[in-house]
Amino acid sequence: MKTILFVDDKPAIGKVLSVYLGKENDLVYVEDPIRAIEWLNEGNEPALIISDIRMPRMTGSEFLCYLKSNALFRHIPVVMLSSEESTTERINLLNAGAEDYILKPFNPMELKARIKKYL
């Protein structure tokens with residue numbers, strides 16, 4: 001069973017993902033990137049990270065830059081979620097190392113199909 005780290009400040013989305021992804025994967029939900037970094041630094045290594053972009057304390061973009069600049073974490077695939085359909089933002093995140101960018105609201109089955117290729 002592969003571990004997926006899901007970072008989003010809205011717990012309801014975490015509950016939806018646990019229904020669709022939790023049967024085949026170990027889904028770990030944290031409410032912000034600061035907590036995600038703490039979890040990673042405790043020695044946990046997920047097979048994939050899914051992160052929202054708009055969050056308090058630290059943005060998903062800042063979190064992605066942290067991950068991709070850190071030798072311990074840069075190999076972990078990252079899928080970004082956003083409610084904003086900004087081509088510029090999408091291009092910037094993909095250029096910064098994100099594997100994919102998915103718009104909210106998303107179809108959970110589409111997300112599941114997309115992340116299968118990274119696991």
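Residues are termed buried at under 20% relative accessible area, exposed at over 50%, and partly exposed in between (1.4 Å probe, protein chains only). The structure is a predicted model, in which local features need pLDDT of at least 70 and side-chain atom pairs count only at pLDDT 80 or more, while totals for chains, interfaces and linings use all residues. Residues are numbered from 1 along each chain as its sequence is written, and side-chain values use heavy atoms, with hydrogens and water left out.

The UniProt record (unreviewed entry) places the feature "domain: Response regulatory" at residues 3-119; UniProt positions are given in the numbering used here, feature names are shortened, and annotations may be inferred rather than shown by experiment. Helices (H or I, at least four residues) and strands (E, at least two) are DSSP runs, numbered from the N terminus.

The annotation "modified residue: 4-aspartylphosphate" in UniProt (unreviewed entry) covers Asp52. Asp52 belongs to strand 3 (residues 48-52) and counts as buried because its relative accessibility is 3%. With neighbours within four places in sequence left aside, Asp52 is in contact (heavy atoms within 4.5 Å) with Val7, Asp8, Asp9, Gly60, Met80, Leu81, Ser82 and Lys104.

Ile76, in the loop between helix 3 (60-69) and strand 4 (78-82), is likewise buried, at 2% relative accessibility. Residues up to four places away not being counted, Ile76 touches Glu45, Pro46, Ala47, Leu48, Ile49, Lys68 and Glu99.

A salt bridge is defined as a side-chain nitrogen of Lys or Arg within 4 Å of a carboxyl oxygen of Asp or Glu. By this rule the model has 12 salt bridges. One of them pairs Lys10 with Asp9, with 3.5 Å between the closest N and O atoms. Lys10 is partly exposed at 41% relative accessibility, and Asp9 is partly exposed at 27%.

Glu24 forms a salt bridge with Lys112, the closest N and O atoms being 3.2 Å apart. Glu24 lies in the loop between helix 1 (11-21) and strand 2 (25-30) and Lys112 in helix 5 (residues 108-116), so the pair ties together parts 88 residues apart in sequence. Glu24 is partly exposed, at 48%, whereas Lys112 is buried, at 18%.

Glu84 and Arg54 also meet in a salt bridge (2.9 Å, N to O). This pair links distant parts of the chain, with Glu84 in the loop between strand 4 and helix 4 (87-95) and Arg54 in the loop between strand 3 and helix 3, 30 residues apart. Salt bridges that share partners join Asp8, Asp52 and Lys104 into one network.
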